[in-house]
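Please read this briefing with the sequence and the 3D view open side by side. It goes from the whole chain down to single residues.

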Amino acid sequence: MAATSNHLDSSNRELDMTDSISTAAPNTDTSSNKKRHQEAMPGDDFETASKRVEEPLDAFGDETNAEIQYKTMSWWQASMVMVAENISLGVLSLPAVIATVGLVAGLISIIALGIFASYSGYVLWQFRMRYPQVASYTDVGRVLAGRLGYEIFSAAYVIYCLFFMASHLLTFTIALNVLSNHGTCTIVFGIVGLIVFALLTIPRTLKNVSFLSIVSFISIMSAVLITIIALAVSPKAAYEDMQAVYHPNFPTAFNAICNAVFAYAGHVAWVSFISELRDPKDFPVALGSQQLVQIIVYTIVSLVIYRYAGVDVSSPALSSTGEVVKKVAWGIALPTIIIAGVIFAHVNAKYIYLRMFAGTKYLHSRGVVATGSWIALGFGTWTIAWIIAESIPNFSDLLGFVSALFGAWFSFGVPGFLWLYMNQGLWFQNWRKIGLFFMNVTLIILGFIICGVGLYSSGWSMAQDSSGLVWSCADNSS
């Protein structure tokens with residue numbers, strides 16, 4: 001009995017640890033799909049603890065000699081995938097944020113949201129390390145609230161990824177309209193995009209997608225640099241035209257802030273990225289490098305483009321230059337528009353695929369059933385995304401709506417709740433815990449405010465902007 005008591009005390013101490021990961025914890029993502037008993041919970045006696053059911057440590061299982069191996073990414077590959085996922089459409093909307101609310105509120109929003117997003121991403125990693133059976137954000141719901149939580153998170157996850165995919169498909173149609181001088185019906189361009197995106201979603205591992213991410217980053221940074229140089233040579237606004245504060249109506253201002261939220265709303269895919277790392281303990285390095293680059297790029301690009309384009313800067317910002325340069329910039333930006341969209345399609349299809357085939361021979365197979373199902377998922381999800389893109393055809397409005405409805409929770413609100421969940425009974429243990437408690441409560445409050453007020457603001461903007469353009473052949477690039 002003494003040994004049993006010591007075991008339970010040790011388990012309780014392990015569960016109380018939340019701000020660091022136990023060095024004694026097994027590296028479950030690089031081992032076989034062994035099972036373990038759930039750790040004893042605080043207050044368990046020996047009989048209760050011994051009856052706890054066994055659960056798999058890892059959704060992908062034993063990948064030894066498997067045809068398809070998922071846990072293959074290094075930290076730098078994960079960082080590149082995260083960069084490609086985040087620094088794509090988000091950066092194109094930020095100059096318009098400053099042009100709407102002014103330099104002070106715009107820059108504060110961009111930098112502060114970046115800091116909050118960095119911390120909330122770290123909390124997600126802590127949670128994933130505590131519960132290694134979590135393979136995607138949907139599994140977070142199962143840990144928090146059982147089957148009901150899993151189903152709620154699953155629905156939100158799939159819908160959120162579909163809206164992200166729709167935003168990339170919408171941007172793809174804008175790019176083709178710019179490049180072709182509206183050469184054909186915009187709906188046709190959408191169908192072309194649907195086929196292109198679906199074909200590029202066929203690779204089944206993130207490691208393969210990570211190599212495309214390098215192309216994506218070079219693409220978006222080159223397009224942005226061309227836009228900045230062109231505006232600097234032929235500025236549309238004088239230095240003195242910059243304003244510290246503008247005074248738009250409330251819905252317009254808050255919808256602009258939601259566009260900044262969208263720029264940091266990649267968290268929905270990060271749990272999936274952690275699950276495909278060779279060593280999940282490397283994720284903080286990937287997160288830190290990606291977030292540092294992201295905040296610096298967002299701040300510089302939004303400020304410089306606003307400086308030279310002025311209050312009438314376009315959203316997406318690549319349309320703020322003359323016709324020739326605009327076409328060059330959009331042409332160069334096409335790879336990042338496509339690749340970043342493919343990343344969201346990949347994690348969305350991966351969740352559905354895992355739900356269909358986890359624990360079966362098809363999970364790691366290249367056979368007809370497995371391959372055919374994966375391809376069908378790609379084309380099916382992109383078809384739904386195309387329908388959404390045609391139904392909400394205004395770029396800023398779509399970003400604002402997605403950010404308010406889902407981004408507020410996946411990137412800010414839910415991580416705040418996860419910290420409280422992991423630290424039950426320890427919130428006021430010491431000054432450090434108290435500080436983290438208020439930090440995470442702030443994340444939760446941010447989630448409520450952005451969701452509630454953001455939905456109202458984006459709904460108001462859509463009512464003002466998109467009339468007559470839904471399912472239209474009209475040019476959406478102007």
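Predicted model: local features only at pLDDT ≥ 70, side-chain atom pairs only at ≥ 80, totals over all residues.

Residues are numbered from 1 along each chain as its sequence is written, and side-chain values use heavy atoms, with hydrogens and water left out. The protein chain has 15 helices and two strands. Here helices (H or I, at least four residues) and strands (E, at least two) are DSSP runs, numbered from the N terminus.

**Whole chain**

- The protein chain has 478 residues, and 58% of them count as buried. Buried means under 20% relative accessible area, exposed means over 50%, and partly exposed is in between (1.4 Å probe, protein chains only).
- Accessible areas come from the Shrake-Rupley method with a 1.4 Å probe; for residues, only the protein chains shown count as cover.
- Of the contacts between residues at least 6 apart in sequence, 85% join residues at least 24 apart. A contact means heavy atoms within 4.5 Å.

**Confidence**

- The mean pLDDT of the protein chain is 81, and 84% of its residues reach 70 or more. In residues 1–56 the pLDDT is below 50, and this stretch has 87 contacts in the model beyond near neighbours in sequence. The pLDDT is the predictor's confidence in each residue, from 0 to 100.

**Nonpolar surface patch**

- Trp 75, Trp 76, Phe 211, Ile 214, Ile 218 and Val 285 make a nonpolar surface patch of about 550 Å². Helix H3 (75–86) and helix H8 (206–233) are the elements that give two or more residues to the patch.
- H8 gives the largest share of the patch, three residues.
- Patches are made of residues with over 30% relative accessible area and no salt bridge; like charges are joined within 9 Å, and nonpolar side chains (Val, Leu, Ile, Met, Phe, Trp, Tyr) within 5 Å. A salt bridge is a side-chain nitrogen of Lys or Arg within 4 Å of a carboxyl oxygen of Asp or Glu.
- Trp 75 is found in H3. With a relative accessible area of 37%, Trp 75 is partly exposed.

**Buried residues and helices**

- Met 80 is also placed in helix H3, but at 18% relative accessibility Met 80 counts as buried.
- Leaving aside residues up to four places away in sequence, Met 80 touches Ser 210, Ser 213, Ile 214 and Phe 217.
- Met 80 and Ser 289 are 209 residues apart in sequence, yet their C-alpha atoms are 9.4 Å apart in space.
- Gln 290 lies in helix H11 (residues 283–309) and is buried, with a relative accessible area of 0%.
- Not counting residues up to four places away in sequence, Gln 290 touches Ser 79, Met 82, Val 83, Asn 86 and Trp 270.
- Trp 270 is among the buried residues of H10. Helix H10 (residues 267–275) is mostly covered, with nine of its nine residues buried.
- In helix H4 (residues 89–101), 13 of the 13 residues are buried, so this helix is largely enclosed by the rest of the structure.
- Gly 102 follows H4 and has a positive phi, near 100°.

**Cysteines**

- A disulfide is a covalent bond between the sulfur atoms of two cysteines. In this model it is taken as a pair of cysteine sulfur atoms within 2.5 Å.
- A search of the whole structure finds one disulfide. Cys 185 lies in the loop between helix H6 (137–180) and helix H7 (186–200), and Cys 473 in the segment after helix H15 (431–465), so the pair ties together parts that are 288 residues apart in sequence.
- The S to S distance between Cys 185 and Cys 473 is 1.9 Å, and their link is left-handed, with -80° about the S-S bond.
- Cys 185 counts as buried at 15% relative accessibility, whereas Cys 473 is partly exposed at 39%.
- Cys 258 is in no disulfide.
- Cys 258 counts as buried at 0% relative accessibility, and Cys 451 counts as buried at 14%.
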